[in-house]
Structures are given as C-alpha cells and as structure tokens.
Amino acid sequence: MFGTESSLSMFLNTLTPKFYVALTGTSSLISGLILIFEWWYFRKYGTSFIEQVSVSHLRPLLGGVDNTSPSNSNTSNGDTDSSRQSVSECKVWRNPLNLFRGAEYNRYTWVTGREPLTYYDMNLSAQDHQTFFTCDSDHLRPADAIMQKAWRERNPQARVSAAHEALELEDCATAYILLAEEEATTIVEAEKLFKQALKAGEGCYRRSQQLQHHGTQYEAQHRRDTNVLVYIKRRLAMCSRKLGRTREAVKMMRDLCVFQLMKEFPLLSMFNIHENLLESLLELQAYADVQAVLAKYDDISLPKSATICYTAALLKARGVSDKFSPEAASRRGLSTAEMNAVEAIHRAVEFNPHVPKYLLEMKSLILPPEHILKRGDSEAIAYAFFHLQHWKRVEGALNLLHCTWEGTFRMIPYPLEKGHLFYPYPICTETADRELLPTVFHEVSVYPKKELPFFILFTAGLCSFTAMLALLTHQFPELMGVFAKAFLSTLFAPLNFIMEKVESILPSSLWHQLTRI
C-alpha cells in the first residue's frame with residue numbers, strides 16, 4: 001500500500017511545468033478542432049455530429065429502443081393520419097409562379113454573377129419536363145424523339161441546339177417551349193415563341209383527341225398533348241401578366257381553371273393555376289372575385305398553401321386595417337371584425353411561419369426557386385416575392401400583421417407535438433429548403449429556431465477552460481504545478497481511502513499475496 005502511494009508521489013514530483021503546459025495546450029487544441037467541426041456540421045445540417053452518431057450507432061449497441069419498431073404498432077389512427085399528412089407536406093411542389101429561366105433567371109446571373117437556382121432544383125425541373133412533355137410513343141415522330149433526349153440533357157446549350165434541330169424537321173410544340181423558357185432573353189421574345197408553340201400544340205391536341213380511345217398508346221399521347229397545351233396557355237397567361245395585360249391574363253387563367261375541372265388528368269392539378277389567378281385578381285384589386293376563388297379552393301378537403309392562407313388573411317385584414325390601432329385595441333378590446341382578421345393572420349402564420357419576416361421586410365428577398373416546399377422557407381420566398389406589393393397596397397395591412405403575427409406562437413404547443421389549426425409543423429422542411437435555395441448568399445429560415453446542441457456548448461467550455469489552464473501554466477509554472485499536484489492528490493484521495501479500508505479488513509498475509517499478484 002505504501003509502495004503504491006510512494007510511486008504515485010514520485011510520479012507527480014517528476015512532472016515538470018512544461019508537461020502541464022503541453023497537456024493543457026494539446027487538450028485545448030483538440031477540443032477547439034472538435035468545436036470548429038461541430039459548429040460547421042450544425043450550420044450545414046442543423047444537428048450535432050456527435051449526437052447523430054450516438055443516436056444512430058451507439059444507442060442500438062447499448063440496447064436503445066427504436067421508436068419505429070413494431071412494438072409501437074398500436075398507434076392511434078389520429079397519429080397515423082398525422083404522420084401521413086406530415087409526409088405529404090414534405091413533398092416538393094412545382095412553383096406555380098416560377099420565373100422564366102432565360103428571360104429572368106439568366107438575366108439575374110448576367111448582372112450579379114450569382115446562380116439563383118440550385119442543381120437540385122434544376123434537376124427536379126428536368127424530371128417535370130420529362131413527365132409533362134414526353135410519352136412512350138415519342139419514337140414514332142422524329143422531332144419528339146429528339147426532344148425526348150433534349151429534356152434529359154444537362155447542358156443548356158445542347159438542349160437549345162436539340163430544339164432547333166427538332167424544328168428543322170417539323171413544327172414541334174415542345175421545342176418552342178424549350179426555346180421560350182431557356183433561349184428567349186425577354187418576356188416579349190418568350191411570348192412570341194409560346195404563341196408558335198400554341199399553334200403547333202393545338203394541332204397535335206386535336207389529332208390525338210380523335211384517336212385517344214383507340215388504345216393505351218394513343219391515350220398516353222393525348223395525355224401528353226393535354227399537358228403541353230395547358231402548360232403553353234398558362235405560360236402565355238403569365239407573359240400577359242408580366243407585360244401589363246392583366247385582364248387578358250385573368251381571362252386565360254379562368255379558362256384554364258375550367259379546363260382543369262373538366263379534365264380528369266392528375267398532372268393538371270400540379271400546375272395550381274388558381275394561385276396564378278389569385279395573384280392577377282389581386283393586381284386588379286378585384287377583391288370580390290378573389291373571395292369567390294378562395295371560396296372554391298380554401299376548402300378543408302383541398303391542400304392548403306401560403307397563397308390561399310395569406311390571401312384569406314389579407315382580405316379579412318382589408319376591412320379593418322385602415323383604422324386599426326394597437327393602443328385603441330388594448331383599451332377597448334378587439335371588435336368582431338378585428339378578431340376575425342387576427343385569427344386569419346394566426347391561421348396563415350401557423351401554416352407558414354416564415355412569410356411575415358419577408359412581408360415586413362425584416363429579411364431580404366431573393367428570386368424564388370422553380371420548386372417550393374409547402375410550409376417551408378422556399379414557399380415563403382415565392383409568396384412574398386409576388387404578393388408583397390398587394391399587402392403594401394392595402395392600407396394598414398402590414399401594420400396589423402406586424403402587431404399580431406407573433407401572437408400565433410403562444411397558441412402552438414412547444415415542442416411541436418401537435419398543431420393548433422393544422423397538422424404539426426413538419427421537421428423535414430429545413431433539409432429540403434437547403435437543397436432548393438442557394439445557401440451561398442441566402443440564410444435559410446428555420447422554424448422552430450434551434451438551440452445550440454449540448455456538445456457544441458460542452459466543447460466550447462472545454463476548449464476555453466483548457467486554453468485558460470495552458471495560459472496560466474505558462475505564466476505561473478510553479479504555482480500551477482502546486483495546484484496540479486494538489487488536484488491529483490485530492491482526485492486519488494477516495495482511492496487511497498478505499499485501499500486503506502480494504503487493507504484493514506483483509507488479513508495481512510492475503511493482502512501480501514494479492515499485491516504480489
């Protein structure tokens with residue numbers, strides 16, 4: 001026993017101050033590197049690397065229970081429906097108001113040198129184009145066969161060249177679409193190309209309509225021609241809207257909505273033409289017509305969007321916002337109309353909590369992506385980019401939003417196990433938005449705001465503490481050496497106490513044999 005204490009004392013006495021400086025300095029360096037990596041990983045992926053590894057790999061080894069195991073199969077039907085709804089809300093949708101790639105996105109790149117679209121977003125667009133504009137019978141027509149390859153081409157110049165090659169063979173509607181979207185540098189040029197596409201598309205549609213019942217191949221061709229025709233008319237309507245011919249755009253969009261209701265093709269619903277119609281009607285300040293469209297599409301059985309929820313809130317705010325005063329409301333209380341407006345704002349904010357910061361210009365806008373995630377930052381950018389002007393036009397609407405939007409979060413449970421008016425906010429939005437939005441010059445909005453993980457705080461404290469010890473040991477080596485020896489002696493004191501108790505209990509001969517072993 002005394003030999004162990006003497007060897008420990010001898011070891012402590014041989015340690016020099018340089019050893020303590022090296023020990024603390026190395027510990028500070030290692031913890032600092034871990035802190036930098038953890039911070040980078042948290043900023044990029046929104047979670048702690050150490051926590052993710054421990055949950056994914058160490059927890060199963062230690063006998064942790066997987067929440068998705070069959071043992072939890074007796075989940076209630078409400079929870080199952082909630083999870084299904086959460087999955088559907090994490091679906092990426094085509095942006096109904098997406099800009100023209102050649103006339104708008106590329107012009108932005110030429111002026112700023114920044115790429116407004118991510119590779120993931122453009123890849124989704126390529127998949128959409130193949131779904132909308134191709135079918136199994138394309139090999140029967142040479143121009144369509146060329147365009148089928150063009151939509152799969154990654155190089156923009158190769159796509160444009162293929163479209164010109166297809167037009168040399170015949171008037172191909174999809175070739176005109178590609179040139180209007182990607183080669184035209186102005187909206188006027190794009191509109192001319194879309195009008196040529198409309199002429200070719202209507203001819204193909206009439207021919208396939210007569211043959212659609214002759215077999216599955218003709219039916220698939222008719223579906224494709226229908227998608228092409230609807231796409232062309234919608235883009236022509238958007239050209240009219242951008243060129244100031246708003247009433248003409250509204251007429252075209254109304255016709256498209258009627259056509260969409262008549263046809264039972266599921267792909268037509270992906271265009272969400274009613275959102276284009278709502279924006280154009282707001283530009284005309286035809287609020288009664290906007291209310292009529294909302295009455296049709298703001299239904300409990302239909303999927304919601306930021307456009308529907310915030311437009312409904314804008315209409316209710318319009319009736320009270322010009323006379324709204326927070327001081328007067330606090331004294332006399334809210335009237336029925338004001339209460340309805342505030343509830344509509346709370347409903348909209350619960351659906352997408354990212355929108356108010358863009359409408360109130362607390363966060364800078366960027367060009368909207370070609371695809372959006374409902375309830376995500378991408379949808380908020382797309383909505384605010386086109387609808388901010390409509391909120392500014394209604395006197396006092398932004399003031400009412402500014403005074404009331406944060407009150408939404410007092411009604412939503414935290415953590416978000418359940419929603420208030422909608423299903424719980426999906427946890428997948430941040431990851432998808434980071435793929436859709438250019439994070440190089442845009443900071444993705446995250447809800448709920450995540451606190452720093454424990455391991456980042458722990459490594460920051462450890463790094464600071466060891467760095468301070470290294471500095472003090474370097475400046476006061478003798479004094480810190482005394483402190484270190486005292487600390488180690490105190491640390492080993494319980495062990496020495498236990499050893500003494502064991503020695504007093506066990507016979508000396510047995511203890512002698514154990515020490516020899």
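This is a predicted model: local features need pLDDT of at least 70, side-chain atom pairs count only at pLDDT 80 or more; totals for chains, interfaces and linings use all residues.
## The chain as a whole

The chain holds 24 helices and 2 strands, and of its 517 residues, 44% are buried. Its accessible surface comes to about 28400 Å², and carbon and sulfur atoms account for 59% of that area.

## Helix α5 and its cover

Helix α5 spans residues 101–112, and its buried residues are Arg 101, Gly 102, Ala 103, Glu 104, Tyr 105 and Thr 109. The elements that cover these buried residues include α6 (119–133), α8 (156–169), α9 (173–183), α10 (187–211) and α11 (216–242). Just after α5 comes Gly 113, whose phi is positive at about 80°.

Two packed helices are described by the angle between their axes and the distance between the axes. For helix α13 (residues 273–283) and helix α14 (residues 287–297), the axes come within 9 Å and cross at roughly 160°. An angle over 145 degrees counts as roughly antiparallel, and α13 and α14 are therefore roughly antiparallel to each other. The crossing in which α13 passes α14 is left-handed. On the α13 side the contact is made by His 274, Leu 277, Leu 278, Leu 281 and Leu 282, while α14 contributes Tyr 287, Asp 289, Val 290, Val 293, Leu 294 and Tyr 297. Sorted by class, the residues of this contact between α13 and α14 are 9 nonpolar, 1 polar and 1 charged.

Helix α7 (residues 142–152) packs with α9 at an angle of about 35°, and their axes are 9 Å apart. The crossing of α7 and α9 is left-handed, and the residues that make the contact are Asp 144, Met 147, Ala 150 and Trp 151 from α7, together with Thr 174, Ala 175, Ile 177 and Leu 178 from α9. By class, the contact of α7 with α9 comprises 6 nonpolar, 1 polar and 1 charged residues. In the pair formed by α6 and α11, the axes come within 7 Å and cross at roughly 120°, an angle that makes α6 oblique to α11. Here the contact involves His 129, Thr 131, Phe 132 and Phe 133 of α6, which meet Arg 224, Asn 227, Val 228 and Tyr 231 of α11. The residues in this contact of α6 with α11 divide into 4 nonpolar, 3 polar and 1 charged.

Once neighbours within four places in sequence are left aside, Cys 135 is in contact with Gln 148, Ala 220, Gln 221 and Arg 224. Arg 224 is also one of the α11 residues in the contact with α6. Cys 135 and His 222 are 87 residues apart in sequence, and the distance between them in space, C-alpha to C-alpha, is 9.5 Å.

Arg 241 has its place in helix α11 and is buried, with a relative accessible area of 16%. Leaving aside neighbours within four places in sequence, the contacts of Arg 241 are with Thr 246, Ala 249, Glu 279, Ser 280, Glu 283 and Gln 389.

## Two residues with positive phi

Most residues other than glycine have a negative phi. Glu 361, although not a glycine, has a positive phi of about 55°; this residue is found in the loop between α18 (355–359) and β2 (371–373). At 52% relative accessibility, Glu 361 counts as exposed, because the cut-off for that class is over 50%.

Arg 375 is likewise not a glycine, and its phi is positive at about 75°. The place of Arg 375 is in the loop between β2 and α19 (377–393). With a relative accessible area of 1%, Arg 375 is buried, whereas Glu 361 is exposed.

Note on methods. Residues are numbered from 1 along each chain as its sequence is written. Side-chain values use heavy atoms; hydrogens and water are left out. Axes are lines fitted to C-alpha atoms, for helices over the stretch in contact, and angles run from 0 to 180 degrees between N-to-C directions. Helices (H or I, at least four residues) and strands (E, at least two) are DSSP runs, numbered from the N terminus. Angles under 35 degrees count as roughly parallel, over 145 as roughly antiparallel, 65 to 115 as roughly perpendicular and the rest as oblique. A crossing is left-handed if the near helix is turned anticlockwise from the far one by less than a right angle, and right-handed if clockwise. Contact means heavy atoms within 4.5 Å. Ala, Val, Leu, Ile, Met, Phe, Trp, Tyr, Cys and Pro count as nonpolar, Asp, Glu, Lys and Arg as charged, and the others, Gly among them, as polar. Buried means under 20% relative accessible area, exposed over 50%, partly exposed in between (1.4 Å probe, protein chains only). Accessible areas come from the Shrake-Rupley method with a 1.4 Å probe; for residues, only the protein chains shown count as cover.
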